[in-house]
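Here are my notes on this one, in the order I'd go through them at a screen. Have the viewer open while you read.

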Amino acid sequence: MDDVQLEHAGECDLFSLLCHRLGGISGGKELALIAVRFHLSVKNLASRNEITLMADFELSYRALDHAIHVFLFLLVQNTTSNAASMMTWALLRSYGSSLSKPSDYAKLCELLEYQLSESDIVGLASYHKLPLQDKDAGLSGESQVREDMCLLEELLSQAISTALYEDVSDTKAMLVAPLFISSILCLKYPKETALSAVEDTFRRASSSQSSNIFEEGLTQLKELAKELSWARLCPSQKLQNKIRHVCQTLSQNLVAMVKKTSFEDFETR
């Protein structure tokens with residue numbers, strides 16, 4: 001484990017082990033990768049004397065194992081907080097307790113904040129759910145396709161949001177914005193009454209071709225970004241790569257599911 005490079009964190013045995021332990025958890029693969037990268041990064045900081053550990057303390061797998069144990073306990077006890085928040089707390093609690101200087105704790109916070117910002121775990125509300133290792137070898141075909149579709153929906157919502165922010169003065173963006181709200185977001189979030197106000201603003205901007213009113217609608221949309229994950233901006237090229245990958249996976253899973261069906265279950269097909 002000591003010779004694993006940070007860029008190869010997703011290829012090491014430790015990552016596979018954590019994926020096994022986090023089986024059945026949505027976002028488990030992403031969380032496992034964050035945990036392994038954090039562990040390796042903290043070890044690098046310690047080896048470069050950028051943080052100071054307690055006397056006679058050796059940073060080993062035990063710290064990571066303890067963090068995962070705490071995370072799983074929190075996951076069972078708490079049904080309101082999201083998994084990313086619980087993993088953050090568990091990692092900081094486990095590794096922070098090994099520091100001898102309180103000032104070094106801030107470095108761990110900055111490190112974890114950076115790794116979370118680089119991960120998909122914050123920007124999406126849906127993730128591929130890792131299969132339960134002690135039960136099925138994987139998700140059923142229908143469930144896997146459903147997971148793919150949810151992830152694709154999230155990515156497309158992000159792509160449209162990003163395009164709207166990038167093309168403020170584009171007349172096509174003014175036409176698409178109200179349709180995006182009414183045809184996608186209102187259906188996804190039927191209890192979010194604030195979306196109606198945003199839709200009205202975008203319709204006024206479209207009818208009057210006013211970029212000022214359109215920017216007002218974008219400001220309202222940004223306010224909702226604090227609560228709804230689809231409004232989080234992401235680089236266009238990064239989104240394109242993600243969407244292409246999910247579409248390929250969805251296509252493969254659809255073919256696999258159809259091959260397992262027969263003409264006797266026509267409605268399911």
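1. Ground rules. Helices here are DSSP runs of H or I with at least four residues, strands are runs of E with at least two, and both are numbered from the N terminus. This is a predicted model, so to speak of local features we need pLDDT of at least 70, side-chain atom pairs count only at pLDDT 80 or more, and totals for chains, interfaces and linings use all residues. Residue numbers start from 1 along each chain as its sequence is written, and side-chain values use heavy atoms, with hydrogens and water left out.

2. Overall make-up. The protein has ten helices and zero strands. Of its 269 residues, 39% count as buried, where buried means under 20% relative accessible area, exposed over 50%, and partly exposed in between (1.4 Å probe, protein chains only). Among contacts with a separation of 6 or more, 67% join residues 24 or more positions apart, a contact being heavy atoms within 4.5 Å.

3. The largest core. A nonpolar core is a set of buried Ala, Val, Leu, Ile, Met, Phe, Trp, Tyr and Cys residues joined through side-chain atoms within 4.5 Å. The largest one has 39 residues, and Phe38, Phe71, Leu91 and Tyr95 touch the most other members. Helices 1, 2, 3, 4 and 5 are the elements that give two or more residues to this core, and helix 2 gives the most, with ten. Take Tyr95 as an example: leaving out residues up to four places away in sequence, it touches Phe38, His39, Val42, Leu59, Ala63, Leu64 and Leu108.

4. Helix 8. Leu195, Val198, Glu199, Thr201, Phe202, Ala205 and Ser206 are buried in helix 8. They cover an arc of only 160 degrees around the axis, which puts them on the same side of helix 8; the arc is that of the directions from the helix axis to the C-beta atoms. Their cover includes helix 7 (171–188) and helix 9 (211–224).

5. Helix 9. The 14 residues of helix 9 should span 20 Å, and its end C-alpha atoms are 20 Å apart, which agrees. Ile213, Phe214, Gly217, Leu218, Leu221 and Leu224 are buried in helix 9. These fall within an arc of 150 degrees seen down the axis, so they line one face of the helix.

6. Glu199, worth a click. Buried or exposed? Glu199 is buried, with a relative accessible area of 14%. It touches Pro178, Ile181, Ser182 and Cys186, not counting residues up to four places away in sequence. Glu199 also forms a salt bridge with Arg203, with the closest N and O atoms 2.9 Å apart. Both lie in helix 8, four residues apart, about one turn of the helix. Arg203 is partly exposed at 39%.

7. Other salt bridges. The rule is a side-chain nitrogen of Lys or Arg within 4 Å of a carboxyl oxygen of Asp or Glu, and by it the count comes to five. One of them pairs Asp65 with Arg21, at 2.5 Å between the closest N and O atoms. Asp65 lies in helix 3 and Arg21 in helix 1, so the pair ties together parts that are 44 residues apart in sequence. Glu50 and Arg48 also meet in a salt bridge, at 2.6 Å from N to O.

8. Most residues other than glycine have a negative phi. Asn49, though not a glycine, has a positive phi of about 60 degrees; its place is in the loop between helix 2 and helix 3, and it counts as exposed at 65% relative accessibility. Gln209 has a positive phi too, near 55 degrees, and is found in the loop between helix 8 and helix 9.

Methods. Expected span 1.5 Å × (residues − 1).
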